[in-house]
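Trainee: Hi! Could you walk me through this model?
Mentor: Happy to, have a look at it first.

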Amino acid sequence: MDYQRLLYDAISCGAPIILCVLGGNFAHKANVLNIALEGMLLMGAFTSVLFTMLTKNILLGILICILINLIWGIVFSVMCVTKKGNPIIAGLAVNMLATAICAFLLKVLGMANLNVNSIVNVAGLKIQIPVINQIPFIGGIISGHPLMTYVSFIAIFVMWVIMYKTKFGVYVRVVGENEDAAVSVGINVNRIRYIAVLIGAVCSALAGINLSLEKMALFTNDMSAGIGFIAIAAIFCGSGRPGLTSIYAIIFGLAQSLAINLSISAGAYSGLFNTIPYFMIVFILAVVSIIKMKNNRVRGFKNE
Amino acid sequence: MKKSTKKLMALVLACLLTVAFSMTGCSSKDTSSGSSTASKEKIALVCSAAGANDNGYNQAAIKGLNQLKTEKGVDTKVVETTTDYPGTLKTLADAGYKLIYSLEYDFTALIDGVGGEKPLAEQYPDTTFVVFNANPNLKEDNTAKFKNVISVMFNVNEASFLAGALSVKVNENASVLFDSSKYSLTTGDAGRAVGFIGGTQSSGIEVFSYGYAEGINYVAKELGVNYTYYSTYNAGFSDSATGGTTAGTYYSEGANVVYTVAGSVGDGVDAKAKEVKKLSIEVDANKDSAQPGYILTSVLKNTNVPVYALGTALIDGTLASKGGTVINYSLGSEATGITDLSTIAAAIKSDSAAQAKWTEIKNYITDLSSKIGSGTIKVTNAQIGETLDIATLSNVKLPK
């Protein structure tokens, strides 16, 4: 097996998951379960390609895509923050709407998929980092990814700073842990939650851009393929902490990459490897919650 | 006052919903043109889950149906993706459609019956149902179960054989044919590899893969070389991103051509082919121009041919004689085959050596096509239950 390619693919597969995870963390910490990540990701993938096609300009496509996802974020927030609706139902609605809107618009346009390869050169979007790409082995893994992949890794640090080193981060955590306390000290709870959800919407847009526009210059129906849900699993595994959740996101990316790379030598049994990412989700969630249970103490005593 | 406004609104909404629901119920009963006369034949078509805009399987069938409409003046009806497949068939048969094409892959309701009901083919003996890609209409003794069901099959195994032969021919002569600055094909023994990505493990997919492998084996044996055959049958039909990454691993393992039979996953593979400057093979419709120069060819399944032919038979009154049969569309029928290669031809170098080689390859493929037609070459057809004996693939290595 080619380990260099395995790790390169792991970073490549992991990037959209990391972005979704980082965006979802804030909503998680603010006690709004954002299961709409999947739909927002799909919407991001769709609108970025669609508007790149219409405007013939990648930057404009990306900008409009982010704006549209912000609208989605507001729709979701209105439903479950202002109107206090059940976030699971609201999220489900957003997910189903996103799938349906993409399929419907494709139908209206009369296209089987959106292809912008005449505008976007996928190979040209890959950034070769000077000096680093000269390092043997490591260079081939770290260098040669598209912009959003690097953004995702930089964002891990940025999000950590926002979460733990800013007033806003403190507010988000306070709102999530004790809403009444937050209200009593004059924090505008709803506004904090709106911002938390909107950060998630923007990050999902970036993940969608990474998935469709940057890696393939192509949108096909249902291409999100559960990445948003995998991200939710990672958020729960890492209980909303930017660093830890990102590590889980990379592990899930690695699992996907393993499934792909192992299939080359496995022949007919390669299908089994496709279960690796999902098996790992179940396994990690189980282990994490067992560990949490063990350390769960009530007034100094073990909670059994 | 305010309360009454609310009540009024609720009433209006309720009315709207009722109307909306009742409309959906009878939408499929409406005929497409209001001014239909009783003498007009009525033909319907039910799309598969991929939908009418799939740029392939469904869209071609609709094209055939529209041709019938304009040329023969029949009443036609297209039902797009439906969740209640048996219900749709029933509604159509009740509405007097005498010929119904079903592009769905699920035949249970039609042949075996679901929910304790009799099979639909039995319930509507005057309606002819046409199914594609398989022959479910069989009793245990291999005779036809219903006289009003026709199975249409495309010998895509033969078309895939040609695609396989073309892959090897092009790969072996890549340095002559292609401009090395535009392509980065792996050369030498390392480049003697191909990939196959299938959506699911079923005979409907294997029929492509087996034909392709045999085509590769045929030419490889002739040239005395060995090819590695990377394959997966679990790509699904929608995850184009993962499909692209999978193709990426095949390409970096040395494969120069990857053949994908997996719905929109193929689009991801084509995009990858362009990215790494190698070649891919498409399926169902002529998609060569999706990534011009990087799609070697497309294996065609022209559903419009049988749709038009059977519709004409209905009008001529000869349809009854075809009842209960299996119609196989072979290479010669133009319902299947590979594209005319004009898109990839534009990417071939313009010098005389390249052009001469390209003509030679095209002639070779035409020759192979006639050999298959005459029965000199026999290609395994998985969709009618034939299995491939891997031992016959002497020059194809399947990684274990």
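Trainee: What order do the strands take in the open sheet of 6 strands in chain B?
Mentor: The order is β2-β1-β3-β4-β5-β11 in chain B, and the pairing is parallel. Strands here are DSSP E runs of at least two residues and helices are H or I runs of at least four, numbered from the N terminus; two strands pair if DSSP finds at least two bridges between them. This is a predicted model, where local features need pLDDT of at least 70, side-chain atom pairs count only at pLDDT 80 or more, and totals for chains, interfaces and linings use all residues. Residues are numbered from 1 along each chain as its sequence is written, with chains lettered from A and ligands numbered from 1 in the order in which they are written.

Trainee: Which strands stand at the edges?
Mentor: β2 (75-79) and β11 (326-329) of chain B do, each with a single partner strand, so one side of each has no neighbour in the sheet. From one strand to the next, the twist averages 20 degrees.

Trainee: How many bridges pair β5(B) with β11(B)?
Mentor: Strand β5 (residues 149-154) of chain B pairs with β11(B) over 4 bridges, in the parallel sense. V152(B) stands opposite I327(B) there. Helix α11 (residues 304-316) of chain B packs on this sheet, touching β1 (42-46), β3 (99-102), β4 (128-132), β5 and β11 of chain B. Its direction makes about 165 degrees with that of β3(B); angles run from 0 to 180 degrees between N-to-C directions, and axes are lines fitted to C-alpha atoms, for helices over the stretch in contact.

Trainee: And the sheet of 7 strands, what's its order?
Mentor: That open sheet runs β12-β10-β9-β8-β6-β7-β13 in chain B, with mixed pairing. β12 (336-338) and β13 (396-397) of chain B are at the edges with a single partner strand each, so one side of each is left without a neighbour in the sheet. Strand β6 (residues 193-198) of chain B runs parallel to β7(B), joined by 5 bridges, and F196(B) has S231(B) in β7(B) as its bridge partner.

Trainee: Which strands does α10(B) lie across?
Mentor: β6, β8, β9 and β10 of chain B, running at about 160 degrees to β9(B).

Trainee: Switching topic: how many residues of chain B are in contact with chain A?
Mentor: 32 residues of chain B touch 34 of chain A, a contact being two residues whose C-beta atoms, placed from the backbone, lie within 7 Å. α9(B) gives the most to chain B's side, with 9 residues. That side divides into 8 nonpolar, 17 polar and 7 charged residues. Nonpolar covers Ala, Val, Leu, Ile, Met, Phe, Trp, Tyr, Cys and Pro, charged covers Asp, Glu, Lys and Arg, and the others, Gly among them, are polar.

Trainee: At what angle do α7 and α10 of chain A pack?
Mentor: Helix α7 (residues 147-165) and helix α10 (residues 189-214) of chain A pack at about 155 degrees, with their axes 9 Å apart. That makes α7(A) roughly antiparallel to α10(A) (angles under 35 degrees count as roughly parallel, over 145 as roughly antiparallel, 65 to 115 as roughly perpendicular and the rest as oblique). Their contact has 5 nonpolar, 2 polar and 1 charged residues.

Trainee: Where is confidence lowest in chain A?
Mentor: In strand β6 (residues 301-302) of chain A, at a mean of 66, on the pLDDT scale of predictor's confidence in each residue, from 0 to 100. The mean pLDDT of chain A is 88.
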